[in-house]
Amino acid sequence: MRQIDHFMPTPSPAPARKAQVWNPSTGEIQAEVALGDAALLEQAVATAKSVQPEWAATNPQKRARVMFKFKELIEENMQELAELLSSEHGKVVDDAKGDVQRGLEVIEFACGIPQVLKGEYTPGAGPGIDVYSMRQPLGIGAGITPFNFPAMIPMWMFGMAIAAGNAFILKPSERDPSVPVRLAELFVEAGAPEGLLQVVHGDKEMVDAILDHPDIPAISFVGSSDIANYIYHRGAEHGKRVQAFGGAKNHGIVMPDADLDQVVNDLTGAAFGSAGERCMALPVVVPVGEDTANRLREKLLPAIAALRIGVSNDPEAHYGPVVTPEHKARIEQWIDTAEAEGGEIVVDGRGFSLQGHEDGFFVGPTLIDHVTPQMSSYQEEIFGPVLQIVRAKDFEEAVRLPSEHQYGNGVAIFTRNGHAAREFASRVNVGMVGINVPIPVPVSYHSFGGWKRSGFGDIDQYGTEGLAFWTKKKKVTQRWPDGSPDGGNAFVIPTMG
Ligand code: NAD
């Protein structure tokens, strides 16, 4: 059995506990991953502390060169990374390349670190006085990441943190831990000092050790909302800086004037791609008006029937299995619940079996109509290939639905009416909005972050917000007197005259 170990320069002791890593396409256990504890974390922190000061003192251009080399190595190894990722996660290989690519784009942004770290300077803020600011690294940053983007989300975090001069300890999901380790290996190959980026595997025990460790001042988390909430509070209790992103239930509003063929194309990809295991998936569609709902449903049916579900390395497959047998069971239970609550199961993906891969964790595409806001299957995240139709009578209701939902990650509106789109974008109470864009993940030089129970803490991931998260800003007011008396009075608060 393949063993997946922590990635640290110091030898790690034989693990007391391990977790199994599935191959979701075949239903077989393909590897075991070591689960670390507080003692192992202590070792990682000691290493990080020993290498971080020199890295922080390395000039930004040299740090950027390492990021550039890392970017090249990821590109050279793209196929291998995507296949490894796909085999543990279950998403198809092309989609896995997208996962790597969206993380790589943050590394590309981090290559520009000399430019974004320049700071602010005001000469002559007062007589002989200049004011400037500088961003200094925090020391050791930690990232705790979910299973569904095992390349992208770690790179969002460590790309910015390390470029800014921090050391980084990554605790990836124990479900698909191999790609984070591979990325850390490539980072050393790119010239990063050993120990600057370490990967420690584990579950709650390791996460709690990170949350409580006095030498880790900042934690970035992405995962489900209850855990995000827990991470935020426990981390903050220890005086840490915490950003914690949670679950989602993104809505796609379809206005009566939308190009429905385009909408159906976008929706099938956004609802069923990656088996719906994306925090920016579109699992709820809100057609405005009964006529729009009926026309959309008619067009969705053949598009769903044409979906091809396959093993993750099938190049023809639109989507593959879900991540674990427990998750498959949970998704099917949600479909049961939706039915019991009065939803109409128009297309039923329960009990789906792929010929030749009967033990794989496949769930067929599911379409549920006449879903209402009172249903728990609407209120909660399902995180599977399940699309729910919630019919809105007018635009106002369509704005209200995502605005009042407990999650506020992403939302999309499909329309040809610029005024309606603009109005929607301005009023909706959700963090990321797409206008005729089904998955509005902002590019790496903007920033990513949801609202309400999709995001705890107030600073986004990546872009200049990411830089702000991983650094502290020092403000310097300097005065170089020319020697002549300035008549100042030391007993009043200084002003600039
Ligand atoms: P998860 O919350 O189960 O796990 C996330 C991380 O937390 C993992 O590293 C895991 O080991 C750790 N963890 C699990 N249980 C813990 C506990 N009790 N105490 C401390 N740590 C614990 O999430 P997941 O199933 O890996 O990922 C799917 C979830 O992540 C979905 O809810 C999805 O919407 C969300 N997600 C959100 C975003 C976003 O940007 N908002 C992005 C991707 C995924």
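Mentor: Strand 5 (residues 129–137) and strand 21 run antiparallel and are joined by 9 bridges. Strands pair if DSSP finds at least two bridges between them; helices (H or I, at least four residues) and strands (E, at least two) are DSSP runs, numbered from the N terminus. Within this pairing, Arg135 stands opposite Lys473 in strand 21. The model is predicted, so local features need pLDDT of at least 70 and side-chain atom pairs count only at pLDDT 80 or more, while totals for chains, interfaces and linings use all residues. Residues are numbered from 1 along each chain as its sequence is written, and side-chain values use heavy atoms, with hydrogens and water left out.

The two strands belong to an open sheet of 3 strands, in the order 4-5-21, with antiparallel pairing. Strand 4 (120–126) and strand 21 (471–479) are at the edges with a single partner strand each, so one side of each has no neighbour in the sheet. On average, neighbouring strands of this sheet are turned by 25 degrees against each other, direction ignored. Axes here are lines fitted to C-alpha atoms, for helices over the stretch in contact, and angles run from 0 to 180 degrees between N-to-C directions.

Another strand to look at is strand 10 (residues 241–245), which holds Gln243. Gln243 has a relative accessible area of 1% and is buried (buried means under 20% relative accessible area, exposed over 50%, partly exposed in between, with a 1.4 Å probe and protein chains only). Its side chain reaches the backbone oxygen of Ile459 at 2.8 Å and that of Asp460 at 3.2 Å. Leaving aside neighbours within four places in sequence, the residues in contact with Gln243 include Phe221, Phe456 and Phe469; contact means heavy atoms within 4.5 Å.

In helix 14 (residues 395–404), 7 of the 10 residues are buried, so the helix is largely enclosed by the rest of the structure. Among them are Phe395, Glu397 and Leu401. By contrast, Asp94, at 58% relative accessibility, counts as exposed; its place is in helix 4 (residues 93–110).

Last, a pair of helices: helix 1 (residues 38–57) packs with helix 8 (residues 204–212) at an angle of about 45 degrees, their axes 9 Å apart. Ala38, Leu40 and Leu41 in helix 1 meet Met206, Ala209 and Ile210 in helix 8.

Key. Polar contact = N/O pair within 3.5 Å; in protein donor to acceptor, adjacent residues only side chain to side chain.
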